[in-house]
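Work through the exercises below with the sequence and the 3D structure in view. Try each task before reading its solution.

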Amino acid sequence: MNLLSAENISKNYGEKTLFKNINIGVNQGERIAFIGVNGSGKSTLLKVLSGEENPDEGTVSARKGITIGFLGQNPKFEEDATVFENVFSANHPLMKLIKEYELHHQKTRHTPEEEARALQLVEQMTALHAWEYEHRTKEIISRMGIEEWIHKPVRMLSGGQRKRVAMARVLMEEPDLLILDEPTNHLDLETVEWLENMISERFQNVLIVTHDRYFLDKLTNHIIELSNGETFKYKGNYAYFLEKKAEREEIRNSEIDKAKNLMRKELEWIRRQPKARGTKAKYRVDAFEEIQEKARQKTVDTQLELQIKTSRLGGKTINVKNISKKYGDTVLLNRFSHNFQKGERVGIIGKNGIGKTTFLEMLTGIIPPDTGDVDMGESTIVGYYRQEDMNLNEQKRVIEVVKDIAEVIELNNGEKITASQFLQKFLFPPAQQHAFVSTLSGGEKKRLQLLTVLIKNPNFLILDEPTNDLDIGSLNILEEFLDNFPGTLIIVSHDRYFMDKLVDHLFVFEGNGIIRDFPGNYSDYREWKKGQAEEEKEEKKEKTVPVLPADAPKKESPKLKRSFKEQKEFESLTNELEVLENEKENLSLLLSGEATDYENLIKATNRIEEISGLLEEKELRWLELSELEAYG
């Protein structure tokens, strides 16, 4: 079943053609990822497909009755409205009802009219089975980490916070077709994994732009590559795409080489013909023009080149001793010490707001620690790439940004090049070098920002979310450069693939000022955490259920008996379970009946949630004890 069709659509950005006469169809069950270099038009294409923008040519049509949810790079909000009001403006049949219910629930006092309306809301929620959906909305708000500022105006939020609010809103819409532009940006690793699982379980139809390669591999079953205004579709995940793309480029390059050889022969024929003869074979002249066009195509895609000279680093880099930091009652670091070594590669992970960026700012001297010392070596040159602070003058031209730092740049092979040549290695052609920074795409600005950090020849690199908005091709080149970087490297990133490839150990920010130094990359840490959880589960099981000796005869071994204490606990649990089940049933009848006391209905709703948790816990223990024989 076709959900969305784009026929012969074209889009220009100024004088640049992003794509021309392309056709895209989205069918039921397809999760499609769009891949291409920065500036190739991926974000614009998503806007066109979602209906946010119109194509310059062609048409986009959606199947009648389907809903489309769109998360863009710069989400739109009612700026003076609160986060709550914006999130609960999601387009879902139950959302208006739940929003009104939540507003009533937040009040401490009600007029008789308000109590009557609140009663109607509870009855409608029950009749429409809205309690489960309300639970999902609360889970999304919690996972996106927006509870703290749920009642703040959106205009007071940072860029990352706005993106998370927009993500919560689009997930709560539960659309038939989910369209996401870089959904993992500004999320911590734990939230990225939750989002990955949620989309996998709840959304069948997805269009996505993302640089997260693990995300791509798990979620997508189709890849569409945008290249030179054309689209190439592959049925499979990211790994399959890489294989097939290599094959396609090999065939294409072979065809271009053949066209070049044929063009030389045809050119000789064209030149040999008498100028006065008007009987040249027209078909050969036309064919020559086609061959010429083919031969002039580039055989190799332009790639980012990172050949930056690295300053010599002495034996002492940065040493931190007993540093602590807290804001109010929140402890971010507590007496942390570490001596960074030359060539050390550290990844930093932890939830948002737990102190990661504060730690980096203490290392670089932007803010001082409350206690302790940060001692930097004399030869240490820090390059600090910050995710929030672009530090770029939007009114300057691209070439001016580089010349403000250096007119001539030395590469790692000793070659010296001009600022313009250096920009070309970072995929800024001469025409774009004289464009204003304000005209660049998000990914192009990030690439320019990275350039301004590396041009200073650092030997101690600190990268805070460097993968945001960079295309996958640029990421591959950056990874190769960092893999061979001889200095010290610290990375904060939600990109699991990026972390796995580059770091040797992790600083895990666990909260309350605690930092665990874990030996291994992110996947190693996840496996360790999984093992820890399984061990804790087994330990709990061993404490509650006695284990028979290994050499005990299995067929004739008697069933273990409960102790006197366990027998009393079993009897008590049996009674408690019955009482709780009866209470839950009575409360459910109250909600579905004609009761009019609003306060009691709210208490009943909250009590049902509490009872459900108690029943789960007590039933598990009852089952453990029921496997033992009665005492006596």
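The model used here is predicted.

**Exercise 1. Find the buried residues of H5 and decide how they are placed around the axis.**

Solution. Begin with the list: Ala130, Tyr133, Glu134, Arg136, Thr137, Ile140 and Ile141 are the buried residues of H5. Next, take their arc around the axis, which is only 160 degrees; therefore they lie on the same side of H5. Now turn to the face away from the buried side, where Glu132 and His135 are exposed. Finally, look for the partners: the buried residues of H5 pack against helix H3 (95–106), helix H4 (112–127), helix H6 (159–173) and helix H7 (189–202).

**Exercise 2. Describe how H4 and H5 are arranged relative to each other.**

Solution. Two packed helices are described by the angle between their axes and the distance between the axes. The axes of H4 and H5 come within 6 Å and cross at roughly 95 degrees. Angles of 65 to 115 degrees count as roughly perpendicular, and H4 and H5 are therefore roughly perpendicular to each other. On the H4 side, Val122, Met125 and Thr126 make the contact, and on the H5 side Ala130, Trp131 and Glu134.

**Exercise 3. Is histidine 104 buried or exposed?**

Solution. Histidine 104 is found in helix H3. The cut-off for buried is under 20% relative accessible area. Histidine 104 has 11%, so it is buried. Between histidine 104 and arginine 117 there are 13 residues in sequence and 8.9 Å in space, C-alpha to C-alpha.

**Exercise 4. Give the strand order of the open sheet of three strands and name its edge strands.**

Solution. The order is S11-S10-S13, with antiparallel pairing. Strand S11 (330–339) and strand S13 (371–376) each pair on one side only, which makes them the edge strands. From one strand to the next, the twist averages 20 degrees. Helix H11 (residues 356–363) packs on the sheet and touches S10, S11 and S13. The direction of H11 makes about 135 degrees with that of S10.

Definitions and conventions. Residues numbered from 1 in each chain as written. Predicted model: local features only at pLDDT ≥ 70, side-chain atom pairs only at ≥ 80, totals over all residues. Heavy atoms only, no water. Pairing = 2+ DSSP bridges. Helix = DSSP H or I, 4+ residues; strand = E, 2+ residues; numbered from the N terminus. Axes fitted to C-alpha atoms, helices over the stretch in contact; angles between N-to-C directions. Contact = heavy atoms within 4.5 Å. Buried < 20%, exposed > 50% of the residue type's maximum accessible area, 1.4 Å probe, protein only. Arc of directions from axis to C-beta. Parallel < 35°, antiparallel > 145°, perpendicular 65-115°, else oblique.
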